[in-house]
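Subject: Structure handover

Hi,

Here is the structure you asked about. Please open it alongside this note.

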Amino acid sequence: KILCRKPPTWTADAPMTMGQLLSKRDEFWDTAPAFNGRSEIWQAIRAAAECEDMETAQAIMAAVNVTLPHGNLSVVYDELGNKYEIPSYCLSEPSNMIDSGDGAQDAEPNGAPDAAQEAAPAMKVR
């Protein structure tokens, strides 16, 4: 099938920032190829999922000769019959996305900074 349908609509269990969403996506893309399928197909699916242009995404999928039974990237089959299931969070933003407001994309949903953002203790120089 041709890649034509809009990405799935979904709601996160807990509201998340863009930074948290991107981190979750990176974790999926970094680990999924280790479980099944071919790495070049995973790379192509990721490239198509992250592509803003539908024509380019379609060309990427056509180049690796995959089947899209639902007309989107949620389920993909390669020519050897391997199945690639892509979670909604890799294909679209949740309906309950929150804006961190201060540009700090890795803040927890309650606004508390994570360990990497906490200020280092002040040091006195003598």
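Start at Trp29. Leaving aside residues up to four places away in sequence, Trp29 touches Trp42, Ile45, Arg46, Ala49, Glu50, Ile86 and Cys90. A contact here means heavy atoms within 4.5 Å.

A word on the source. This is a predicted model, in which local features need pLDDT of at least 70 and side-chain atom pairs count only at pLDDT 80 or more, while totals for chains, interfaces and linings use all residues. Residues are numbered from 1 along each chain as its sequence is written, and side-chain values use heavy atoms, with hydrogens and water left out.

The overall layout

The chain has three helices and two strands. Along the sequence they run α-α-α-β-β. Both are DSSP runs numbered from the N terminus: helices are H or I of at least four residues, strands are E of at least two. Of the chain's 126 residues, 31% count as buried. Buried means under 20% relative accessible area, exposed means over 50%, and partly exposed lies in between (1.4 Å probe, protein chains only). Take the contacts between residues at least 6 apart in sequence: 63% of them join residues at least 24 apart.

Salt bridges

Side chains of opposite charge can pair when their charged atoms come close. The rule used is a side-chain nitrogen of Lys or Arg within 4 Å of a carboxyl oxygen of Asp or Glu. The count comes to five salt bridges.

Asp26 and Arg46 form one of them, at 2.9 Å from N to O. Asp26 lies in helix 1 and Arg46 in helix 2, so this pair ties together parts that are 20 residues apart in sequence. Asp26 is partly exposed, at 35% relative accessibility. Arg46 is partly exposed too, at 24%.

Arg46 also bridges to Glu50, with the closest N and O atoms 2.9 Å apart. These two residues sit four apart in helix 2, about one helical turn. Glu50 is partly exposed at 47%. Through shared partners, Asp26, Arg46 and Glu50 join into one network.

Another bridge pairs Glu85 with Lys83, at 4.0 Å from N to O. Lys83 counts as partly exposed at 35% relative accessibility.

The largest pocket

How much space lies in the largest pocket? About 420 Å³. Its lining has 21 residues, and Pro7, Ala48, Ala49, Cys51 and Leu91 lie nearest the centre. Helix 1, helix 2 and helix 3 are the elements that give two or more residues to the lining. Helix 2 gives the largest share, three residues. The lining divides into 12 nonpolar, two polar and seven charged residues.

For the terms: a pocket is an open set of points on a 1 Å grid over the protein atoms alone, where a 1.4 Å probe fits, with protein on both sides within 12 Å along at least five of seven lines; lining residues have an atom within 4 Å of a point. Grid points are joined across faces, edges and corners, and the volume is the space filled by probe spheres set on them. Ala, Val, Leu, Ile, Met, Phe, Trp, Tyr, Cys and Pro count as nonpolar, Asp, Glu, Lys and Arg as charged, and the others, Gly among them, as polar.

Best wishes
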